Amino acid sequence: MDAQNVAQLQAFVQLCRAKPEVLHDPQLGFLRDWMESLGATIPPAPTSATPGSTQEGPTPMASASKPTPPPEPESSEEEESEESDLDIDMEGVIEEDTDPPPDMGDESIEVTEDMMDQSNDKRAEAQAAMNEGEKDKAIGLWTEAIRLNPLSAPLFARRASCFLRMNKP
């Protein structure tokens with residue numbers, strides 16, 4: 001479609017928005033039928049001021065004024081009620097936990113060699129507890145290791161993995 005035809009179509013659409021009564025022109029019956037087949041609602045034809053009077057001057061299609069914004073769509077309660085009828089599958093969703101958040105350590109401290117060694121010892125103990133299935137004990141040991149070395153991302157990841165295995169958020 002060339003640019004001139006597109007421009008004419010845009011002008012026609014603007015005219016229809018500004019003066020929807022244009023769509024009741026008998027010459028546009030094919031357009032009305034097509035729009036209604038797509039589910040469009042055509043506004044009712046305007047009534048004449050006096051029965052049998054004829055329109056003088058240009059036809060609605062020949063005169064176009066500034067387009068007015070389309071009317072706001074009416075919100076229906078039907079749309080809102082559709083959402084409330086949905087059943088949400090909650091299988092596998094972890095329920096909210098009321099426990100306080102775990103200690104994240106003080107990242108402003110300077111970690112010494114001795115603290116790193118102690119943290120590695122706690123990490124080893126925590127891993128052993130995980131292997132034995134003692135998840136609560138492992139969480140405590142991971143937290144102690146994090147307090148000693150709060151700059152070690154793997155410690156946070158291992159503790160998070162333990163929380164997930166316990167189905168805690």
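Predicted model: local features only at pLDDT ≥ 70, side-chain atom pairs only at ≥ 80, totals over all residues.
At 31% relative accessibility, Glu144 falls in the partly exposed class (buried is under 20% relative accessible area, exposed over 50% and partly exposed in between, with a 1.4 Å probe and protein chains only). Residues are numbered from 1 along each chain as its sequence is written, and side-chain values use heavy atoms, without hydrogens and water.

The chain contains six helices and zero strands (DSSP runs numbered from the N terminus, H or I of at least four residues for helices and E of at least two for strands). Its order along the sequence is α-α-α-α-α-α. Of the 169 residues in the chain, 19% are buried. Among contacts between residues at least 6 apart in sequence, 58% join residues at least 24 apart (a contact being heavy atoms within 4.5 Å).

Two packed helices are described by the angle between their axes and by the distance between those axes. For α4 and α5, the axes come within 8 Å and cross at roughly 165 degrees (axes are lines fitted to C-alpha atoms, for helices over the stretch in contact, and angles run from 0 to 180 degrees between N-to-C directions). The crossing of α4 and α5 is left-handed (the near helix is turned anticlockwise from the far one by less than a right angle; clockwise would be right-handed). On the α4 side, the residues that meet α5 are Met115, Gln118, Ser119, Lys122, Arg123, Glu125, Ala126, Gln127, Ala129 and Met130. Their partners in α5 are Lys135, Lys137, Ala138, Leu141, Trp142, Glu144, Ala145 and Leu148. By class, this contact of α4 with α5 comprises nine nonpolar, three polar and six charged residues (Ala, Val, Leu, Ile, Met, Phe, Trp, Tyr, Cys and Pro are nonpolar, Asp, Glu, Lys and Arg charged, and the others, Gly among them, polar).

Helix α5 also packs with α6, their axes coming within 9 Å and crossing at roughly 160 degrees. This angle makes α5 roughly antiparallel to α6, and the crossing of the two is left-handed. From α5, the contact involves Lys135, Ala138, Ile139, Trp142, Thr143, Ala145 and Ile146. From α6, it involves Leu155, Phe156, Arg158, Arg159, Cys162, Phe163 and Arg165. Nine nonpolar, one polar and four charged residues make up the contact of α5 with α6.

The axes of α4 and α6 lie 12 Å apart, at an angle of about 20 degrees. The helices α4 and α6 are therefore roughly parallel to each other, and α4 passes α6 in a left-handed crossing. Ser119, Arg123, Gln127 and Met130 of α4 here contact Leu155, Arg158, Cys162 and Arg165 of α6. The contact of α4 with α6 has three nonpolar, two polar and three charged residues. Ser119, located in helix α4, is buried at a relative accessible area of 1%. Leaving aside residues up to four places away in sequence, Ser119 touches Ala145, Leu148, Asn149 and Leu155.

Side chains of opposite charge can pair when their charged atoms come close. The whole structure holds three salt bridges (a side-chain nitrogen of Lys or Arg within 4 Å of a carboxyl oxygen of Asp or Glu). In one of them, Arg147 pairs with Asp103, with the closest N and O atoms 2.5 Å apart. Arg147 lies in helix α5 (residues 135-148) and Asp103 in the loop between α3 (77-84) and α4 (113-131), so this pair ties together parts that are 44 residues apart in sequence. Both are partly exposed, Arg147 at 42% and Asp103 at 32% relative accessibility. A further salt bridge joins Lys122 and Glu144, whose closest N and O atoms are 2.9 Å apart. As Lys122 lies in helix α4 and Glu144 in helix α5, the pair ties together parts that are 22 residues apart in sequence. Lys122 is partly exposed, at 21% relative accessibility. Glu134 and Lys137 also form a salt bridge, at 3.8 Å from N to O, and Glu134 is partly exposed at 34%.

Asn167 is exposed, with a relative accessible area of 56%. The phi angle of Asn167 is near 60 degrees, a positive value in a residue other than glycine.

Methods. Parallel < 35°, antiparallel > 145°, perpendicular 65-115°, else oblique.
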